Amino acid sequence: MGSWAEQPGGRSAGEGRRDGAGPADADAGASADAEVPRPRSRVVEVVAGVIRDARGRVLLTRRTEGRDLAGLWEFPGGKREPGETPEAALSRELHEELGIDSEIGAELIRVPQIYPDKRLVLDVREVRAWRGSARGREGQALAWVPPHKLASYAMPPADRPVVAALEQPDRYLVTPEPGDDDEAWLAALAAALAAGVKRVQLRAPALSAADPARWHRLAAAAAKRGRAAKAELLINADLALARELGVGAHLRATQLRGLSERPLPAELPLAASCHDARELQAAQALGCDFAVVGSIKPTPSHPSVLGIGWEAFAALRESVSLPIYAIGGLGAQDLADARRHGAQGVAAIRSLWPV
Ligand SMILES: Nc1nc2c([nH]c(=O)n2[C@H]2C[C@H](O)[C@@H](COP(=O)(O)OP(=O)(O)OP(=O)(O)O)O2)c(=O)[nH]1
């Protein structure tokens with residue numbers, strides 16, 4: 001195991017509660033109604049790798065007894081030592097822990113996360129190539145897991161966004177108002193789906209208020225197209241319509257306060273728009289599958305609203321383990337920045353809507 005690699009933190013300066021968190025703390029970290037801990041102002045830098053076998057299965061290792069988060073499954077890796085590059089640190093850890101030689105590839109996601117006793121950044125890389133036969137050199141159990149089964153393993157809170165980054169869409173399209181031409185709107189939606197968009201929020205606040213019957217017809221037609229394209233659709237705000245159409249729902253932040261339990265069955269996706277840590281925790285406690293946070297940059301529709309920027313996004317991200325899309329003035333060109341600050345990806349109207 002590497003020694004602690006610590007960097008001066010910047011965002012919160014409270015005292016740590018204690019050291020040596022155990023499995024119960026992993027749950028506390030994941031639980032949304034827990035208060036946001038105020039750990040020591042330091043950031044522990046951890047690098048971890050996505051190692052795949054010839055069948056595409058991903059290697060997880062189980063944290064051994066006597067360490068924090070014992071018994072939970074994780075991506076192999078460990079703490080970065082002072083002066084080490086992330087690539088060198090990960091290669092060293094994989095050799096020490098598994099006895100393999102590795103070539104470190106692309107960045108997947110960097111997840112900032114608050115634990116009861118520390119602040120952590122989990123920097124996850126693809127392992128491009130590796131040699132040797134992986135074995136638990138420190139007594140840890142190994143599991144080769146098909147990607148779609150990763151979410152069923154108990155993992156530390158910082159790993160939930162990592163599993164989402166591996167498995168779920170990096171773009172979340174939010175529809176614009178349909179205007180006068182329903183067919184043109186449906187054709188644009190079909191083009192977006194054909195271009196590979198796999199997650200869509202059907203949102204038309206003006207039309208749904210002015211002409212609910214027309215919006216219902218249009219949403220039903222959109223749901224049909226979404227199903228055919230195997231995309232996930234979520235209706236903005238209207239839970240009754242979501243249930244009627246058998247699609248998900250995207251809650252407004254103001255709806256979170258009025259809900260005490262998940263308003264849809266587990267098989268229907270649920271998301272929420274959030275603006276601060278409290279709303280994110282409410283969304284997580286409710287069982288939302290993901291959240292949307294913004295505005296990151298000023299947008300043409302709200303030019304006078306200054307964006308919160310990526311650092312503020314990352315500071316919000318670390319208080320929950322939900323996957324979170326960043327929104328506000330963003331497009332596909334911002335995906336790398338988004339992942340570097342812990343986002344699942346970008347949500348957008350204009351930049352993802354074919355004109
Ligand atoms: N390697 C790895 N660590 C993770 C993941 N998710 C996650 O929260 N962590 C946390 C657990 C630890 O707090 C830290 C990794 O540190 P480590 O494995 O080198 O530390 P350790 O507990 O053996 O070391 P120590 O505190 O006893 O010195 O990062 C993950 O997917 N992989």
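Predicted model: local features only at pLDDT ≥ 70, side-chain atom pairs only at ≥ 80, totals over all residues.
A residue counts as near a molecule when its C-beta atom, placed from the backbone, lies within 6 Å of that molecule.

The overall plan comes first. The chain contains 11 helices and 16 strands. Of its 355 residues, 42% count as buried. Among contacts with a separation of 6 or more, residues 24 or more positions apart account for 66%. The chain is divided into domain 1, residues 6-166, and domain 2, residues 171-352. Where these two domains meet, the contact takes 19 residues from domain 1 and 16 residues from domain 2. On the side of domain 1 that touches domain 2, E6 and H3 each supply at least two residues, and the largest share of that side, 7 residues, comes from E6. By class, this side of domain 1 has 12 nonpolar, 1 polar and 6 charged residues.

The ligand provides the next stop. There are 17 residues around the ligand, and those that come nearest are Ala48, Glu74, Gly77, Gly78 and Pro156. Two or more residues of the shell are given by each of strand E2 (42-50), strand E5 (77-79) and E7. Sorted by class, the shell has 9 nonpolar, 3 polar and 5 charged residues.

E2 pairs with E7 in the parallel sense over 8 bridges, and Ala48 stands opposite Val124 in E7. E2 also pairs with E5, in this case in the antiparallel sense over 3 bridges; the partner of Val46 in E5 is Lys79.

In E4, Glu74 is the bridge partner of Thr61. Strand E3, residues 58-62, is joined to E4 by 2 bridges, and the two strands run antiparallel. These strands belong to an open sheet of 3 strands with the order E4-E3-E8 and antiparallel pairing. E4 and strand E8 (142-145) each have a single partner strand and stand at the edges, so one side of each is left without a neighbour in the sheet.

Leu94 lies in helix H2, residues 86-98. Why is Leu94 classed as buried? Leu94 has 26 other C-beta atoms within 10 Å, and a residue is buried if that count is 20 or more. Not counting residues up to four places away in sequence, Leu94 touches Gly49, Pro76, Ile100 and Ser102. Leu94 and Arg137 are 43 residues apart in sequence, and their C-alpha atoms are 10.0 Å apart in space.

Leu173 has bridge partners in both neighbours: Ala348 in E16 and Val200 in E10.

The last topic is the nonpolar interior. In soluble globular proteins, nonpolar side chains tend to be buried together. The largest nonpolar core here has 55 residues, and those with the most contacts inside it are Ala291, Tyr325 and Ala326. Helix H6, residues 212-228, provides the largest share of this core, 5 residues. Leaving aside neighbours within four places in sequence, Tyr325 is in contact with Tyr172, Phe290, Val292, Ala343, Gln344, Gly345, Val346 and Ala347. A second, separate core has 32 residues, including Val50, Val58, Ile100 and Leu122.

Notes:
Residues numbered from 1 in each chain as written. Domains from an automatic or database assignment. Contact = placed C-beta atoms within 7 Å. Helix = DSSP H or I, 4+ residues; strand = E, 2+ residues; numbered from the N terminus. Nonpolar A, V, L, I, M, F, W, Y, C, P; charged D, E, K, R; others polar. Core = buried A, V, L, I, M, F, W, Y, C linked by C-beta atoms within 7 Å. Buried ≥ 20, exposed ≤ 12 C-beta atoms within 10 Å, placed from the backbone. Pairing = 2+ DSSP bridges.
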